[in-house]
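Visitor: Can you walk me through this model? I'll ask as I go.

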Amino acid sequence: MALVVLRRIGVFATTVVVASIVTFLMLSILPGNAARIALGVQATEADVAEQATAMGLDRPAVVRYLDWFGHVLVGDFGTSTVSRQAIGPDIADALGITVILVLTSVVLALLFAIPFGILTAVRHRKPDGVILSGISQIGVAVPGFLAGMLLVTVFAVTLRWLPAGGWVDPGDDFGGFLEHLILPAIALGSVQGAVLSRYVRSSVLEVMREDFIRTARAKGLGAGRALFRHGLRNAAVPVMTVLGLQIATLLVGAVVIERVFSIPGLGSLLLDKVALRDLPAVQGIVLVLVVFVLVLNFLVDLAFTLIDPRLRSAS
Amino acid sequence: MTSITPTSTLSVRDLRVGSPFVELLHGISFDIAAGERVGLIGESGSGKSLTAISVMGLLPETLRATGTVRLNGLDTDLLTAAERRLNQLRGSTMAMVFQEPMTALNPLMRVGAQVAEIMMVHRTEKGRRQARERAVDLLAQVKLPNPTEAALAFPHQLSGGQRQRVMLAMAMANDPQLLLCDEPTTALDVTVQAGVLKLIGNLVADRGTALMLITHDIAVVAEVCQRVLVMYQGNIVEDGPVGRVLTAPQHPYTKNLIAASDLSWVDDRGRLHTVSMPVVATPFVPAAAAAPRRVEADAPPPMLPAHRAAHQRLEPGGPPVIFNEVAGAPVIRVRDLSRQYRRRGGGLFSPAPIVHGLRDVSFDVAEGQRFGVVGESGSGKSTLMRILCALDQPSSGTIDVLGQRIDIAAERQLRDFRSQVQIVFQDPMGSLDPRMTVRDIVAEPLRHVSRAEARARVEAQLAAVGLDADVMDRHPHQFSGGQRQRISIARALITRPRVLVADEAVSALDVSVRAQVLNVLADLVDEYQLTLVFVSHDLGVIRHLCDTVAVISDGRIVECGPTDNVYDHPLHPYTRQLVSATPSLDELARRVTA
């Protein structure tokens, strides 16, 4: 078990390094002079050269990469070419907000998808099961930003129950924090919830046909109890796989939803920095986003190992 | 049939099961007395399993049952009983063991907990701790080694036989009055099967449990049961003591079934008895014995290979032996063949463990020889077959087939080899592409042949395996297992190969169909003068079909020789164990009537 976890950590660390190399290559070695991009078209050659030296662009790529990644590892993302301030604290603040938003929406999605998926599976031959399953199909087709705008129109503009956007730090005003969190989290989670509920449904349907469920029935467990005690953990395995794959989609969704609700998360920060052509900041944010996806995938992998004993033994 | 008696543990009357469109069980009635051991025998689709799951009340939603099923003289009819009542009876008064030990246990739960659960559900033990302790006891009673450790194992850590023992421990936990076993040993190796059957027999005898044992295998019934019910197309066609049914079957279907099961019974032309039955079965109509086949005077005499193998065994710790050594040029020559696998995993710093698939295997196969390879799962027989067909490469050693070193040949040098050596696989469903027509499947190995000629050859080849030309435009799913296997044989033979390799080619078939396919195969091997390598776990099939047999165990050939010699006078202890685990029908009849 410990060995399996160690191995997963090894894979995770390797992936992070590879991801950092790819990110660095994409943004630093592609054509175009980072110093000129930072200064704009009207800068003189001398200014550009000076800027390049200041940014360390005159050094070999390998040295620049090692320098950058070495500093990133201790939390130093370099200096913004626009504000001339350290990028790290900005990223840390924005990351905190995005993590809260994404995790809340994952929890909401699961809270919806698991009961809804089980219900539609158990009642798949009954009219209500078919209708509910159809509704979830519609949910899959609605993009997150549209769901967000609809939610704002109904709950913020018409009913005036909740704020239309913005962000309050939980430390400042927890009630306000929840009020600002709820709509974007639902907007982001609803699509995921609909997608996941489809997978929960098919996974539960699959598992209900398994021989070991029949064995459980033959032991004297009722249909519901057999499914609850023996089916759900087994059904969880494929659902987890999909969840792991959906995480990247979720982050892309977060970038859009943060715009819709004017939330100062990583997505908003990324779009701002791209607009300002602040390359070191963009590079740092992209890496953080990639690592965020990898961390969540790593956690999903670990959860697999906990659920399925067949994945635990190393040999 | 027996009337209702107070002692009947199970009493089934006029049980009909069907969907709104078709009836599958046509009103069957039978009783099982307390402590009686009854076998339910028949081919796939005859309604055996349906009978058992109707009794358990576990029919799928789409099927409806009518009639009455009474347990233990209770007034409640199980078919109309409330679900709550059934839940009380299942697992306590009646219990069931299913066919597939691989999938019948929850893969995510420790087996001890799964055994304990049945006692918790019925509250036959006070608490979780007592139930767990009893579970360990039960695992000891079903003779699992190290029951305390076994209880903490997950199903994937146990072998097939061990899992079936766990299923038995579970079923017997609450001392049921009725135990239903659905093909409990079909998925197991013969030597493992013998142990599990013995265990079932002992468990029910010790506790006076009534047993209903479903199987397609007459030998299994003879081993365990006192009485046998024969099912055919949703009816019970015969009911009687095992000894009587084995030695003097009444119903024509039973006669056919027993004759087809008996691979030692052949007619003058060396052909097996096959089942030919009217489509609708009429229970208990005595009929004349099936007419014997007319012996055709001009039938070609069976080809006898000039070479006769020496009977040899591998001595423990002795030097590697070259089995069936042929002077001159054999069709297949294998020398010092080894195949190792690196198992996935291993530690971070330790290398992955090495698994020996084959070790120092050396043998020859002569032209026209029918060479059988018999072994249990994991023995290395499939590895050997794959290497012989150049689908896998050995770790060391050499193989010459038809004078070509195939172990070192590149794929494009094997073109001729591929048309000369053809394979028939075990699973006729899985090995035929479901989206291709039969014509395309059979014609696929042909190269540089016009459409018209291909058509003619496919038609001729299908006729040779006993299929009409009008099947050519159909797809594999429209055929039965036996027909699909005929298609596989037609495909294998269309290039006129010199060597045919068959991997468990009849193992997935019912006995009657098996006899037909074996006859077709035997005829074609003679007609085309093929050299046959037949790999199987089934000793009976090999004995019938092959003149020479190699017994393979743990990656080594342990014994090889003329088939009759090896079976009648086995030299190696493993062969003796294997032969004694699969008694012939004559021997069974003797044992039962004794």
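Guide: What follows takes the chains, their contact and a few local features in turn. This is a predicted model, in which local features need pLDDT of at least 70 and side-chain atom pairs count only at pLDDT 80 or more, while totals for chains, interfaces and linings use all residues. Residues are numbered from 1 along each chain as its sequence is written, and chains are lettered from A and ligands numbered from 1 in the order in which they are written.

Visitor: What mean pLDDT does chain A get?

Guide: Chain A averages 85, and 97% of the residues score at least 70. The pLDDT value is the predictor's confidence in each residue, from 0 to 100.

Visitor: Switching to chain B. How is it divided?

Guide: Chain B has domain 1 (106-175) and domain 2 (312-582), with bounds from an automatic or database domain assignment. The C-alpha centres of these two domains of chain B lie 40 Å apart.

Visitor: Is helix α3(B) mostly covered or uncovered?

Guide: Mostly covered: nine of the eleven residues in α3(B), 111-121, are buried. Buried means 20 or more other C-beta atoms within 10 Å of the residue's own, exposed means 12 or fewer, and partly exposed is in between, with C-beta atoms placed from the backbone. Among the buried ones are Val115(B), Ile118(B) and Met119(B).

Visitor: What do they pack against?

Guide: The buried residues of α3(B) pack against α4 (128-141), α5 (147-151) and α6 (160-172) of chain B. Just after α3(B), Arg123(B) has a positive phi of about 50°.

Visitor: Which other residues have a positive phi of about 50°?

Guide: One of them is His448(B), which is not a glycine. His448(B) sits in the loop between α13 (438-443) and α14 (451-464) of chain B. His448(B) counts as exposed because 5 C-beta neighbours lie inside 10 Å. Gln529(B), also a residue other than glycine, has a positive phi near 50°. Gln529(B) is in the loop between α16 (511-527) and β19 (531-536) of chain B.

Visitor: What about sheets? What strand order is there?

Guide: An open sheet of five strands in chain B runs β11-β13-β12-β15-β16, with mixed pairing. The edges are β11 (322-323) and β16 (404-405) of chain B; each has a single partner strand, so one side of each lacks a neighbour in the sheet. Strands pair if DSSP finds at least two bridges between them.

Visitor: In which sense do β12(B) and β15(B) pair, and over how many bridges?

Guide: Strands β12(B), residues 332-342, and β15(B), residues 396-401, pair in the antiparallel sense over five bridges. Arg335(B) stands opposite Thr398(B) in β15(B).

Note on methods. Helices (H or I, at least four residues) and strands (E, at least two) are DSSP runs, numbered from the N terminus. Two residues are in contact if their C-beta atoms, placed from the backbone, lie within 7 Å.
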